[in-house]
Amino acid sequence: MQINPKVMLIEDDPNDLQLTMRAMVKAGVAASDVLVARDGEEALHYIFGEDGKNYDATALGTSLRLILLDLKLPKISGIEVLMKIKSDERTRLIPVAILTSSDEDQDVFSCYKYGVNSYVRKPVSSEKFESIVKELGIYWVSVNHPISQHTPRPL
Amino acid sequence: MKLYTKRGIRSITILGLMFLVVVLVLSIRSFIIIYNHYKWISHTNEVLAQIYKINILTAKFTRGVRGYALTGMPMLLLPYEEAVKNLPTEINQLKVLTLDNPNQQKHIEELDTLIKQFEDQELRIIAARKNAGIEGAKEQIVIGSSENLLNTEDQIFNDMVKEEQALLLQRETILTNNVKFMLIVFTSSGLIGMAHLLFSYRKILEEIALAAKNQELALNVQHIAIANKELEAFTYSVAHDLRAPLRHIDGFTRMLEEECRNALPDSVRELPRQICERVSYMGTMIDAMLTLSRIGQSEIDPHLSNLKTVLDAALEELKKEYKGRNIEWQIGEMPFVECDPRLVQIVFNNLLSNAIKYTNKKDPAVIAVDCLNLDKEPTIRIRDNGVGFNMKYADKLFGLFQRLHRQEDFEGTGIGLAIVQRIIQKHQGRIWCESEINKGTTFLFTLGPPK
């Protein structure tokens with residue numbers, strides 16, 4: 001079990017999982033910094049469950065810099081997970097980006113009313129990941145790109 | 001058989017009805033004639049019977065008197081007395097029976113006079129016998145003109161009988177003729193009626209068969225429509241399911257390309273990139289299929305629309321496609337048409353995009369949009385002076401993923417026209433084209449069935 005994971009990835013498809021992990025690693029995230037959940041139930045269990053196997057939601061709320069959430073999940077849907085995260089005091093400030101395939105685009109827009117922060121189109125590439133990082137201003141997620149290496153936006 | 005047309009049937013039926021009316025009228029007339037003549041014949045027979053009756057009476061008359069003249073027995077006078085008593089009544093009866101016949105009336109008058117004379121004569125004979133005995137009677141008989149009278153009487157009777165018989169013959173002839181006529185009329189009406197029935201029977205059977213065929217056709221059309229819808233739904237779901245694995249192949253191939261680019265020998269270095277490119281193209285094709293089946297399944301919402309507005313919207317969307325190009329636009333009058341403007345805009349988009357694309361080697365490119373044949377069948381025409389195509393392959397043009405030009409020369413997936421055709425189909429219109437290589441291409445389409 002990782003201590004203080006920086007990124008949580010909630011994805012059911014093993015291929016998408018592999019590709020996303022690789023993109024993040026290429027962009028400079030340590031694999032050990034990523035907490036993976038394979039479905040909605042597992043994700044909520046990790047975040048909110050209190051039977052010793054899980055994390056402390058308050059602690060997670062502090063350490064997680066990003067949650068990547070796949071919309072189509074078995075058992076509990078991505079939207080439900082999103083709602084739970086964004087409605088709990090301890091976790092609602094964590095930036096959440098939806099992972100979408102091009103036929104789910106419609107659903108992404110309806111997520112905005114639940115407080116989602118951004119979205120990424122699958123397949124996730126390291127470039128796409130980096131642009132999310134930039135957009136959400138979470139530069140300290142990746143080891144390879146300390147703040148000083150980023151070019152500030154022209155005013 | 002050309003009788004089976006609407007006009008043919010109407011003519012035959014009217015003819016038949018007219019014939020039947022004529023037949024009806026003639027039949028009634030004939031029946032009346034037959035009835036009357038039948039009665040007249042009865043009457044004539046009655047008259048004849050009456051004449052014979054009178055004849056017998058006058059014979060009795062004579063016989064009685066002669067008997068008495070010979071024997072002097074008053075008993076023998078009885079027939080004479082009876083005849084004398086009855087003759088006036090019977091003669092009167094005859095008169096009444098032949099009131100309508102002036103000839104017969106004349107004869108009867110003659111008869112009357114004659115019989116009176118006769119009676120006088122016989123009275124004298126009777127008186128002579130009474131007074132002068134048998135000799136006296138003989139004398140009276142000899143000098144009397146009984147025989148003449150009798151002969152004349154016979155003559156009159158014959159004349160009267162002849163007259164009545166002539167009338168009888170006449171009336172019998174007319175009766176027979178009318179009966180013959182009625183026979184012909186009934187037979188021919190019967191035959192014509194049967195012919196008409198058979199004719200109608202055949203026609204009705206034909207109509208029933210035709211209706212059954214039509215129903216079958218309609219059912220087939222319905223089946224085909226359902227099959228098409230199912231096919232479109234199937235296409236959609238298949239394309240949809242193919243997306244995810246394609247995405248993974250794309251991702252892994254990029255991964256491969258990134259990791260191995262430098263480690264690969266020259267002979268295979270480009271392969272990962274080529275695979276990526278093909279995968280990407282496949283994704284485009286799948287998206288195209290999804291678009292086509294979505295459009296195919298969508299409900300068309302037709303209402304009166306201003307095609308000018310639709311065309312302008314399409315041109316606005318295409319502005320970035322022809323940015324920097326020298327294109328001469330010739331836009332004509334656009335009518336109001338019953339259609340789904342959302343879908344027609346897609347048609348304009350695709351056709352104009354093609355025009356723009358295939359004129360990219362011409363400067364200036366000329367693209368003209370106008371409307372022909374407004375009153376009967378409004379037809380939109382889009383012409384360009386681009387690279388054109390060989391009309392020999394025109395029927396492939398609208399096929400899915402079919403292209404008549406090389407990918408290197410003109411990019412594209414070959415789905416635009418398939419979408420356009422589907423939309424035109426939904427409007428029950430037609431689309432066709434003409435082209436000449438290097439001269440240009442013209443597309444024409446209608447948005448509804450011909451009026």
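I looked up what covers the buried residues of helix α4 of chain A, and the cover includes β1 (7–10), α2 (40–48), β3 (66–70), β4 (96–100) and α5 (105–111) of chain A. I worked on a predicted model, in which local features need pLDDT of at least 70, side-chain atom pairs count only at pLDDT 80 or more, and totals for chains, interfaces and linings use all residues. Residues are numbered from 1 along each chain as its sequence is written, while chains are lettered from A and ligands numbered from 1 in the order in which they are written.

I then listed the buried residues of α4 (residues 78–87), among them A:G78, A:V81, A:L82 and A:I85. I took a residue as buried if 20 or more other C-beta atoms lie within 10 Å of its own, with C-beta atoms placed from the backbone. Seen down the axis of α4(A), its buried residues fall within an arc of 100 degrees, so they line one face of the helix.

I turned to chain B and found an open sheet of 5 strands with mixed pairing, in the order β2-β4-β5-β7-β6. Its edge strands, β2 (327–331) and β6 (431–436), each pair on one side only; strands pair if DSSP finds at least two bridges between them.

I noted that β4 (365–372) and β5 (379–384) of chain B run antiparallel and are joined by 6 bridges. B:D370 stands opposite B:R381 in β5(B).

Lastly, I recorded that 9 residues of chain B are in contact with 8 residues of chain A, contact being C-beta atoms, placed from the backbone, within 7 Å.

Methods: Buried ≥ 20, exposed ≤ 12 C-beta atoms within 10 Å, placed from the backbone. Helix = DSSP H or I, 4+ residues; strand = E, 2+ residues; numbered from the N terminus. Arc of directions from axis to C-beta. Contact = placed C-beta atoms within 7 Å.
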